[in-house]
Amino acid sequence: MYDLNSRINNYIISISLKKKLMFLFLFCVLIPLILTNSVVFYNLYKVNHITKEQELRSDAEAIRYSLTDGLDYPSKIIQNIYKNNDVEFLLNREYYDPLDYYDAYMEFKKNSIYESWLGIGNETLEIYADNDTILNGGMFYKLSDFRKEAWYKKLSENDGTTLMFDYSKDSTDTYAKRKILLMRKMDMARKNRCEKVIKMTINYRNFQFSVLNEGIESDAYICMGDKLLMTNVGGTHYKETYDFVDKNIDYDYKYDLNLYGEKYTIYLKSRNPGIWMLDFKSTVIIVGLLILSIMLPLYMIRQLDFSVAKRIGVLDRAFDGVGEEKLIKISGIRGNDEISSLMSNYNIMVDRMNTLIQTTYVDKLKRQEVDIARQKAELLALQSQINPHFLFNALESIRMHSLLKNELETAEMVEHLAVMQRVNVDWHSDLVTVEEEIKFVNAYLELQKYRFGERLSYSLDISPACYDVVLPKLSIVTFVENACVHGIESKTEPGWIFVRVYPRNEKIIIEVEDTGSGMDDEMKDNLLFKMNNASLDLLKMGKSVGMTNACLRLKMMTDNKAEFDIETEYGVGTNILITIPQKKEV
């Protein structure tokens, strides 16, 4: 016992104050409340269950009574006709011709209650005889014309009055519909008689309305085996075929009865939602007790949580920030208790800690400035490495053409070279406008076209809205040089270089496309990695210096917001896409 108590104490000490308060509410209020209300609800459930069962039993008795009562009157009519000597005499005779039968039929009508039989309410009466000398009409028919009917086959299998729920179409119907048939053989022991059958057809729709009337407050299903005969769910269904029901139908009450030798089952399901349907007074009392029993303790727990747990939580979160560069003081300290004293002492500690952090932070900034100066020096050293490579190629092209052709057009090439040289030696600023950069690109492409001749064509498509946008010097021309060297120069067929600069969504898009050799996936992924991860360390490795340099300077100018992408297909060409923020001041 002592060990268990010790474990409980250790667990309570290890959890937060808010959880302690919640455990207090749980074990001292909520669980006792649940147990008490469970007893109340159980008693209410028992009472409601008994009431509900009585209601269902009452509905079942009402349906049973309506069924038997609704079939009782037609059954008595059949019983009276069954014993009628005039019907026996009329149907047992053999007639010489139709006129002879007609005269006998009219005499029968005059001396019988025939007219009342034909219109007895929801029922129609038909009598069939195995006598081919009679005529079909009125209520008498030749049996030979109906021996294949389903109702006759069912009647042949039974003795006495037979009940049948049928779905068929007769001569007077334009469509099939449900019918209820009550039938009997006229087999009284008489000599010289023919086979005779009485069939009473009961209107299904009216019969269903009388059986499943508005007084039935449950969902009712009247079945014979797995055949659904009647239901008050979803309409009358009198024009539809009989459905089949699942033997495991969900029901609250079941009632079996026998009618005319057949077993029928009534399934009932209550429409009430169960134990929650309480009277208004009980509902108000229970809801009131629940609100009073739960809300009042919850309110007190909330007050304690605000007074103690939340303020300790604020203090705990404040101490979590000890690892930050600057601590934040707690504002709005309220109260004069022990927690308020802790918060005040924490603020005193924060003032002292921030003073120490500030001193350390200033020293750290000085070290960073030294690192930045070193990086700038390395960058300036790298800038001087950009131009000699393509400048040497241009001069060599001019020299070769001069030797081979002895042409004076080299003067024009020298002019373009001068443009490049002026930009190359002027490093007082690393930023130029797009318009100035494109002039340099044009000069470079003219020199390359002089070198490659008809093998090189180019197109410059610059949006006027981008003329004043600034970017690092020699950034676009570096990508153009790469397109010439690795795209056009390595391909014997003529090729194009396209340079496009245009705005999109407050950004500037730069495209350098060539129709050169293209790249495979491995080359593309390798180059794209270097572009997106350009750094001084990567430059020191000495691979793809020009491209890496240009990408690094673009990233430095845009605070790492420059984006790079490559679209390429081997043997078709490559398109370099550069996205930078729009910046228009130099």
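## Salt bridges

The predicted model contains 14 salt bridges, a salt bridge being a side-chain nitrogen of Lys or Arg within 4 Å of a carboxyl oxygen of Asp or Glu. One of them pairs Lys 196 with Glu 88, with 3.3 Å between the closest N and O atoms. Lys 196 belongs to strand β5 (residues 196-203) and Glu 88 to helix α3 (residues 85-92), so this pair ties together parts that are 108 residues apart in sequence. Helices (H or I, at least four residues) and strands (E, at least two) are DSSP runs, numbered from the N terminus. Lys 196 and Glu 88 are both buried; buried means under 20% relative accessible area, exposed over 50%, and partly exposed in between (1.4 Å probe, protein chains only).

Another salt bridge joins Arg 93 and Asp 100 at 3.7 Å, N to O. Asp 100 is buried, at 18% relative accessible area, while Arg 93 is partly exposed at 28%. Arg 147 and Glu 195 also form a salt bridge, their closest N and O atoms lying 3.3 Å apart. This pair links distant parts of the chain, 48 residues apart: Arg 147 is in the loop between β2 (140-142) and α6 (150-156), and Glu 195 is in the loop between β4 (177-185) and β5. Arg 147 has a relative accessible area of 29% and is therefore partly exposed; Glu 195, at 29%, is also partly exposed. Through salt bridges that share partners, Asp 130, Arg 147 and Glu 195 form one network.

## A five-stranded sheet

Five strands form an open sheet with antiparallel pairing, in the order β8-β7-β6-β10-β9. The edges are β8 (243-244) and β9 (253-259); each has a single partner strand, so one side of each has no neighbour in the sheet. Two strands count as paired if DSSP finds at least two bridges between them.

Strand β6 (residues 218-224) is joined to β10 (residues 262-270) by six bridges, and the two run antiparallel. Within this pairing, Tyr 221 has Tyr 267 of β10 as its bridge partner. Four bridges join β6 to β7, again antiparallel, and Met 224 has Lys 227 of β7 as its bridge partner. The hairpin of β6 and β7 has two residues between the strands, and Gly 225 there takes a positive phi near 70°.

Strand β7 (residues 227-231) is largely enclosed by the rest of the structure, because four of its five residues are buried. β7 and β8 pair in the antiparallel sense over two bridges, and the bridge partner of Lys 227 in β8 is Phe 244.

## A negative surface patch

Asp 520, Asp 521, Glu 522 and Asp 525 form a negative surface patch. Patches consist of residues with over 30% relative accessible area and no salt bridge; like charges are joined within 9 Å, and nonpolar side chains (Val, Leu, Ile, Met, Phe, Trp, Tyr) within 5 Å. Asp 520 lies in the loop between β15 (507-514) and α14 (521-532). With 33% relative accessibility, Asp 520 is partly exposed.

## Ser 344

Ser 344 is part of helix α9 (residues 338-383) and is partly exposed, at 35% relative accessibility. Its C-alpha atom is separated by 9.6 Å from that of Ser 331, 13 residues apart along the chain.

## Basis of the values

Residues are numbered from 1 along each chain as its sequence is written, and side-chain values use heavy atoms, with hydrogens and water left out. The model is predicted: local features need pLDDT of at least 70, side-chain atom pairs count only at pLDDT 80 or more, and totals for chains, interfaces and linings use all residues.

Key: Areas by Shrake-Rupley, 256 points an atom, 1.4 Å probe, with all protein chains shown as cover. Lys, Arg positive; Asp, Glu negative; His and termini not counted. Charge placed at Lys NZ, Arg CZ, Asp CG, Glu CD.
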